[in-house]
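Subject: Structure for your review

Dear colleague,

Please find the structure below, together with its sequence. My notes on what was found in it follow.

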Amino acid sequence: MLATIASAPGRPGTGNDDWAAATCGGLAVVLDGLTQLPGTGAPRPPGGCRHGTGWYVHRLGTALLRLAGDPGVPLAGAL
């Protein structure tokens with residue numbers, strides 16, 4: 001399987017919160033990260049996570065790719 005992946009940030013000059021990967025075994029994971037509009041974000045609660053959407057999407061995508069690629073784990077279980 002040949003896979004080409006392209007993505008761009010939701011707004012110019014901001015980080016890209018999307019994540020995508022494909023394996024030689026025919027598995028692909030694509031996650032559309034959230035683009036936060038200016039002035040719409042709630043303040044982070046005291047002791048809350050300091051990581052942004054990009055960090056979370058990367059961790060989630062990596063875990064899904066690993067679990068879904070395990071032949072002993074059904075796709076529903078990986079999700």
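Of the 79 residues in the chain, 14% are buried. Please bear in mind throughout that this is a predicted model. Its mean pLDDT is 84, and 82% of the residues reach 70 or more. Among the elements of the chain, strand S1 (residues 19-22) has the highest confidence, at 94, whereas helix H2 (residues 75-78) has the lowest, at a mean of 90. Where pLDDT is low, the predicted coordinates should not be read in detail.

Overall fold

The chain contains two strands and two helices, and along the sequence these follow the pattern β-β-α-α. Considering contacts between residues at least 6 apart in sequence, 45% join residues that are at least 24 apart. The chain exposes about 6,000 Å², and carbon and sulfur atoms supply 60% of that area.

Trp 55, Tyr 56 and Leu 60 together make a nonpolar surface patch of about 310 Å². Trp 55 belongs to helix H1, which spans residues 53-68, and Leu 60 lies in helix H1 as well. How accessible is Trp 55?

Trp 55 and Trp 19 are 36 residues apart in sequence, and their C-alpha atoms are 9.8 Å apart in space. For Leu 60 and Leu 79, the separation is 19 residues in sequence and 10.0 Å in space, again from C-alpha to C-alpha.

Asp 17 is located in the segment before S1. Which backbone atom does the side chain of Asp 17 reach? It reaches the backbone nitrogen of Gly 54, at 3.2 Å. If neighbours within four places in sequence are left aside, Asp 17 is in contact with Thr 53, Gly 54 and Val 57, and also with Gly 33 and Leu 34. Helix H1 comprises residues 53-68.

Leu 27 sits in the loop between S1 and strand S2 (28-31). Which residues does Leu 27 contact, leaving aside its neighbours within four places in sequence? They are Met 1, Ala 21, Ala 22, Leu 65, Ala 68 and Gly 69. In the case of Gly 69, which is 42 residues from Leu 27 along the chain, the C-alpha atoms are separated by 7.1 Å.

To summarise, the points I would draw to your attention are the nonpolar patch made by Trp 55, Tyr 56 and Leu 60, the approach of the Asp 17 side chain to the backbone nitrogen of Gly 54, and the contacts of Leu 27, including those with Met 1 and Gly 69.

With kind regards

Key:
Residues numbered from 1 in each chain as written. Predicted model: local features only at pLDDT ≥ 70, side-chain atom pairs only at ≥ 80, totals over all residues. Heavy atoms only, no water. Patch = residues over 30% accessible without salt bridge, like charges linked within 9 Å, V, L, I, M, F, W, Y side chains within 5 Å. Areas by Shrake-Rupley, 256 points an atom, 1.4 Å probe, with all protein chains shown as cover. Salt bridge = Lys/Arg side-chain N within 4 Å of Asp/Glu carboxyl O. Helix = DSSP H or I, 4+ residues; strand = E, 2+ residues; numbered from the N terminus. Buried < 20%, exposed > 50% of the residue type's maximum accessible area, 1.4 Å probe, protein only. Contact = heavy atoms within 4.5 Å. pLDDT = per-residue confidence, 0-100. Polar contact = N/O pair within 3.5 Å; in protein donor to acceptor, adjacent residues only side chain to side chain.
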